[in-house]
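Please keep the structure in view while reading.

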Amino acid sequence: MWNATETQVWNATEHTRGMWNATEVSLQLPIRTSSDRLLQPFWDYLVFQHYPLVYSPFFPVLIAFASYFIFSLPFAVIDLLGDKLPAFHRYKIQGDRRPTVGMMMRSLGMTVYNHLVFVFPTVIINNVFLPPAPLSPIAPTLWDVFGGGLGTLLIFDTQYFIWHMVHHKNPHLYKWVHAIHHEYYSPFSWSTQHLSAMELMAVGFWSNLDPILLKIHPLTAWMLTVFSIWLSVEDHIGYDLPWSLHHLVPFGLLGGAPAHDMHHQKPSTNFAPFFSHWDRLCGTESHLEEKTDKLGKTEKNPNSKMHSM
């Protein structure tokens, strides 16, 4: 027997099928209990009310870019206000360095350009040869989200650690692919995606491939995208805030902004994007110093041409 809620879901399904061809989406009433599918109402809402949007191949790109913009904007304001906000400014890792509006616009413009010229065409081509499968009518469990998300993060962390270290050790790869990310000695929020097109595409390739290899639910993948973008932005904000995740996660498992700030100061250290275990095991871990070297007022890294040593 169906209860009233299930009947409403079925009616919504029939209405939805009237809007789209039945071969495009198969929405069947999932067999579940209320205890193991806490995300099911949210998933039903997305599928029944916004299927054309969430099924679009551009939806993950939209999530990633919107997250980057939303998370970066508050820290851009904090950077511009500087010592007028002492509650934040006292946590600035390199207090004598402040990004300018021009620097911020350059990084944001580079991100928009890379997405328009490289990311969007790649998504279109990929969709032609590998169209996405219909969305599952069943939502992931909370354990699916946690386990799948953590597993994907650990795999990506390993991939990028190796890629990152190789590009610092090889002067040609560094010059043509990764050097642009080191133009600024002191990172700031918008510089999170201050990347060459080749690096952005490499990161995007793994970010899309890993969830497929682990067969995680689309909702898990989207939530992971938002979370990983937050981690990336937090790594680049240039503030060692006491409420940042690297302070909340025990045993120093996350590097956070101090680790990545030290990477920009000492480019032969702290290659991992999120976690700290690979740098510890490989002897490339570097901790934040109490005082950083003062290289003048300019933000550009004078050693950006060669950081492979």
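Among the contacts in the protein with a separation of 6 or more, 73% are between residues 24 or more positions apart. The model is a predicted one, and its secondary structure amounts to 12 helices and 0 strands. Of its 309 residues, 45% count as buried.

**Overall fold and surface**

- Read from the N terminus on, the elements follow the order α-α-α-α-α-α-α-α-α-α-α-α, in keeping with the count of 12 helices and 0 strands.
- The accessible surface of the protein is about 16400 Å², and carbon and sulfur atoms account for 68% of that area.

**Nonpolar cores**

- The largest nonpolar core has 17 residues, and the members that touch the most other members are Phe 188, Trp 190 and Ile 237.
- Two or more residues of this core come from each of helix 3 (59–81), helix 5 (101–129) and helix 9, with helix 3 giving the most, namely 4 residues.
- Trp 190, one of the core members named above, touches Tyr 68, Phe 69, Ser 72, Leu 73, Ala 76, Met 104, Ser 107 and Leu 108 once residues up to four places away in sequence are left out of the count.
- Another core, of 14 residues, lies apart from the largest one, and its members include Trp 43, Leu 46, Tyr 51 and Trp 222.

**The second largest pocket**

- The second largest pocket holds about 370 Å³ of space, and among the 16 residues that line this pocket, Phe 146, Gly 149, Leu 150, Leu 153 and Phe 227 are the closest to its centre.
- Helix 6 (142–169) and helix 9 are the elements that give two or more residues to the lining of this pocket, and the largest share, 6 residues, comes from helix 9.
- By class, the lining of the second largest pocket divides into 14 nonpolar and 2 polar residues, with no charged residue present.

**Cavities**

- Which residues line the second largest cavity? The lining is made up of Leu 231, Glu 234, Asp 235, Leu 245, His 246, Leu 254, Gly 255, Gly 256 and Phe 274.
- Helix 9 (218–236) and helix 10 (245–248) each contribute at least two residues to the lining of this cavity, and helix 9 has the largest share, with 3 residues.
- The lining of the second largest cavity comprises 4 nonpolar, 3 polar and 2 charged residues, whereas the lining of the second largest pocket has no charged residues.

**Trp 230 in helix 9**

- Trp 230 lies in helix 9, the element that also supplies the largest share of the lining of the second largest pocket.
- Is Trp 230 buried or partly exposed? Trp 230 counts as partly exposed because its relative accessibility is 23%, and buried would require a value under 20%.
- Leaving aside neighbours within four places in sequence, Trp 230 is in contact with Phe 71, Phe 75 and Leu 245.
- The C-alpha atoms of Trp 230 and Leu 245 are separated by 9.9 Å, with the two residues 15 residues apart along the chain; Leu 245 is also one of the residues that line the second largest cavity.

**Loop residues**

- Asp 83 sits in the loop between helix 3 and helix 4 (86–89), and Asp 83 counts as exposed because its relative accessible area is 52%, where exposed means over 50%.
- The C-alpha atoms of Asp 83 and Gly 95, which are 12 residues apart along the chain, are separated by 9.1 Å.
- Lys 215, in the loop between helix 8 (197–214) and helix 9, has a positive phi of about 55° although it is not a glycine, and its relative accessibility of 75% places Lys 215 among the exposed residues.
- Phe 251, in the loop between helix 10 and helix 11 (256–265), likewise has a positive phi, of about 65°, although it is not a glycine, and Phe 251 counts as exposed at 71% relative accessibility.

Conventions:
Residues numbered from 1 in each chain as written. Predicted model: local features only at pLDDT ≥ 70, side-chain atom pairs only at ≥ 80, totals over all residues. Heavy atoms only, no water. 1 Å grid on protein atoms, 1.4 Å probe; cavity = no way out; pocket = protein on both sides within 12 Å on 5 of 7 lines; lining within 4 Å. Nonpolar A, V, L, I, M, F, W, Y, C, P; charged D, E, K, R; others polar. Core = buried A, V, L, I, M, F, W, Y, C linked by side-chain atoms within 4.5 Å. Buried < 20%, exposed > 50% of the residue type's maximum accessible area, 1.4 Å probe, protein only. Contact = heavy atoms within 4.5 Å. Areas by Shrake-Rupley, 256 points an atom, 1.4 Å probe, with all protein chains shown as cover. Points joined across faces, edges and corners; volume = space filled by probe spheres on them.
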